[in-house]
Amino acid sequence: MIKSEYKLLIKAEKITAIITDLDGTLWHGVVAEKQEPTINIDYFDFLKKLYKKGIQLFVVSKNDELEILKTFKELNIDKEIFTYVISNWDPKYLNIERLIQQTNIRAETTVFIDDNPFEIKETQIKIPQLHCLNFSDWRILEKNLYLSEKEMQQESEIKDRINRYR
């Protein structure tokens, strides 16, 4: 059964961007707590597929940037699939608000994925147009018709779009 808060997400006519957390989402483990991270391969493969379809991928994480870059390297994660990687200790909703302003992405066509209920709730309250998704339910995105039917794009098109956002 689909949770009521996700029905709009499944029916969304257009999704142009995904904002993802890292600890407990893209990888298992918490980098700041010196836990040994392991990649969540199914989720990472899904993000790579969305990247190839021209969906903008962003990271918003409460971590030190150098630690994140080191972990990307250790887990063989290509940082270039992410338009921006924002890694600091500011509230996530603030980083997302700044990201929306700087890139001109529309909140109503963007999905924020996190494993922390507090971060999700706070972001929902502060940016009500944004689709917020608990990481444990990320596969719900596979049911979105726009994402599932969107065609793969040429790498040059993808890079051009990323450069426009940057």
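## Close-up views of a predicted model

**A salt bridge joins E74 and K70, whose closest N and O atoms are 3.9 Å apart.** A salt bridge here is a side-chain nitrogen of Lys or Arg within 4 Å of a carboxyl oxygen of Asp or Glu. The structure is a predicted model, in which local features need pLDDT of at least 70 and side-chain atom pairs count only at pLDDT 80 or more, while totals for chains, interfaces and linings use all residues. Residues are numbered from 1 along each chain as its sequence is written, and side-chain values use heavy atoms, with hydrogens and water left out. Both partners belong to helix α3 and stand four residues apart, about one turn of the helix; helices (H or I, at least four residues) and strands (E, at least two) are DSSP runs, numbered from the N terminus. E74 is partly exposed at 47% relative accessibility, and K70 is partly exposed at 45%, where buried means under 20% relative accessible area, exposed over 50%, and partly exposed in between (1.4 Å probe, protein chains only).

**D21 and K92 meet in a salt bridge, with 2.8 Å between their closest N and O atoms.** D21 lies in the loop between β1 (17–20) and β2, whereas K92 lies in helix α4, so this pair ties together parts that are 71 residues apart in sequence. D21 is buried, with a relative accessible area of 4%, and K92 is buried as well, with a value of 4%. D114 joins these two residues in a network of salt bridges. The structure as a whole holds eleven salt bridges.

**D90 and R98 form another salt bridge, 2.9 Å from N to O.** D90 counts as partly exposed at 30% relative accessibility, and R98 also counts as partly exposed, at 34%.

**K53 is a buried residue without a salt bridge.** Where does K53 sit? K53 is placed in the loop between α2 and β4 (56–62). The nearest side chain of opposite charge, that of E151, is 7.9 Å away; Lys and Arg count as positive and Asp and Glu as negative, while His and the chain ends are not counted. The side chain of K53 does reach the backbone oxygen of S148, at 3.3 Å. This is a polar contact, meaning a pair of N or O atoms within 3.5 Å; within protein, one atom must be able to donate a hydrogen and the other to accept it, and residues adjacent in sequence count only if both atoms are side-chain atoms. If neighbours within four places in sequence are left aside, K53 is in contact (heavy atoms within 4.5 Å) with L147, S148, K150, E151, M152 and Q153.

**W27 and F72 form an aromatic pair.** Rings of Phe, Tyr and Trp (its six-membered ring) pair if their centres lie within 6.5 Å; planes under 30 degrees apart count as stacked, over 60 as edge-to-face and the rest as tilted. The ring centres of W27 and F72 are 5.9 Å apart and the planes stand at 80°, so this pair is edge-to-face. It links distant parts of the chain, with W27 in strand β2 (residues 27–28) and F72 in helix α3 (residues 65–74), 45 residues apart. Both W27 and F72 are buried. A search of the whole structure finds six aromatic pairs.

**Y43 and F135 are paired edge-to-face, with centres 5.0 Å apart and planes at 85°.** Y43 lies in helix α2 (residues 41–52) and F135 in the loop between β7 (131–134) and α6 (145–149), so the pair ties together parts that are 92 residues apart in sequence. Both Y43 and F135 are buried.

**The largest nonpolar core has 36 residues.** A nonpolar core is a set of buried Ala, Val, Leu, Ile, Met, Phe, Trp, Tyr and Cys residues joined through side-chain atoms within 4.5 Å. The members that touch the most other members are I18, L26, W27, F72, F82 and L141. The largest share of this core, six residues, is supplied by α2.

**N76 and N104 are two asparagines with a positive phi of about 60°.** Most residues other than glycine have a negative phi. N76 lies in the loop between α3 and β5 (84–88) and is exposed, with a relative accessible area of 67%. N104 lies in the loop between α4 (92–103) and β6 and is exposed, at 64%.
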